[in-house]
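Subject: Structure handover

Hi,

Here is the structure I promised to pass on. Have it open while you read, and my notes follow below.

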Amino acid sequence: CRYISKHYAFHMSRLSDYSKFDHIDSDDECDTEKHTSKNNSVDVSPETTSRSVSEKAGVVATGIAEATTGTTKAGLEEGRYVFELNGKKVYEWEQSLEEVIIYIETPPDKKASDLIVNIHSNGLQVGLKHHNCLFIDEVTYSKVNTAESSWYMDSNILHIILMKVHRGETWEGALRGSDRHTTVDPLTKEQIKQQLMIERFQEENPGFDFRGATFNGQVPDPRTFMGGVKYS
């Protein structure tokens, strides 16, 4: 259940179909003695992604699988992005000034009570109860306000709302996985910054319509531009 890359070691369930996270292979050998709760914060920095969230929380997975190929690309809905692993969608995500939302398709026969969702200050764990392996056990792109974060189910889609500690910060990805495959390319990053800047301008100038606005040259940082983003 552990995938090893050149730079990081991270944990995922070894699934036959990454679009459904209950298809765990019968030969998986994972020992997860406990799953941490949302209130048990695990501090994980980007520099320490060689150890997964579960290792820091006392959850251990064993076994080594072959390297995987991940990609992040634009989704069908504007402002939403899709992370795929070996050609299979793992999750979609989008962001605003305040939050990052992750969308995961769940099996049709599962309810919210069947899920494990642990939101930490620097990590996210998602899985099914009574399964040894976690589907997602990754470091978040940046720090999360766990007290304001939440999750819910809607029509077999798991919605995970990660509230940003740093309002207006541009997240290049929802989670940090192997190498940089979970993050967007530099051009897309500029597009996201433009989206956040327009949202900020609209918020600070409610009498104007900034839809369709563009920037000449490099887009400024939505968090720090002109004295910084305001907190409500």
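Strand 13 (residues 150-154) and strand 14 (157-163) pair in the antiparallel sense over five bridges, where strands are DSSP runs of E with at least two residues, helices are runs of H or I with at least four, both numbered from the N terminus, and pairing needs at least two DSSP bridges between two strands. Met153 sits opposite Leu158 of strand 14. The two strands make a hairpin with two residues between them, and Ser155 in that turn has a positive phi of about 50 degrees.

Before you go further: this is a predicted model, so local features need pLDDT of at least 70 and side-chain atom pairs count only at pLDDT 80 or more, while totals for chains, interfaces and linings use all residues. Residues are numbered from 1 along each chain as its sequence is written, and side-chain values use heavy atoms, with hydrogens and water left out.

Strand 14 has another partner too: strand 9 (99-105) pairs with strand 14 in the antiparallel sense over seven bridges. There, Glu105 has Ile157 as its bridge partner.

Now zoom out. The protein has two helices and 15 strands, and buried residues are 48% of its 232 residues. Of the contacts between residues at least 6 apart in sequence, 61% join residues at least 24 apart; a contact means heavy atoms within 4.5 Å.

What about strand 12 (residues 136-140)? All five of its five residues are buried. Strand 12 runs antiparallel to strand 11 (residues 123-128), joined by four bridges, with Gln125 opposite Asp137. Strand 12 also runs antiparallel to strand 15, through two bridges, and Val139 stands opposite Arg176 there.

Which residues touch the most other members of the largest nonpolar core? Among its 29 residues, they are Tyr91, Trp93, Ile102, Ile104, Leu124, Ile136 and Ile160. (A nonpolar core is a set of buried Ala, Val, Leu, Ile, Met, Phe, Trp, Tyr and Cys residues joined through side-chain atoms within 4.5 Å.) Leaving out residues up to four places away in sequence, Ile102 touches residues including Tyr91, Trp93, Leu124 and Ile160.

Have a look at Thr170 as well, in the loop between strand 14 and strand 15 (175-176). Thr170 counts as buried because its relative accessibility is 12%.

Last, the pockets. On a 1 Å grid over the protein atoms alone, a pocket is an open set of points where a 1.4 Å probe fits, with protein on both sides within 12 Å along at least five of seven lines, and lining residues have an atom within 4 Å of a point. The largest pocket has a volume of about 260 Å³, volume being the space filled by probe spheres set on the points, which are joined across faces, edges and corners. Helix 2 (residues 186-204) gives the most to that lining, with five residues. The second largest pocket holds about 180 Å³. Of the 14 residues lining this second pocket, Arg80, Lys89, Glu92, Tyr103 and Ile157 are the closest to its centre. Strand 8 (88-95) and strand 9 each supply at least two residues of that lining.

Cheers

Methods: Buried < 20%, exposed > 50% of the residue type's maximum accessible area, 1.4 Å probe, protein only.
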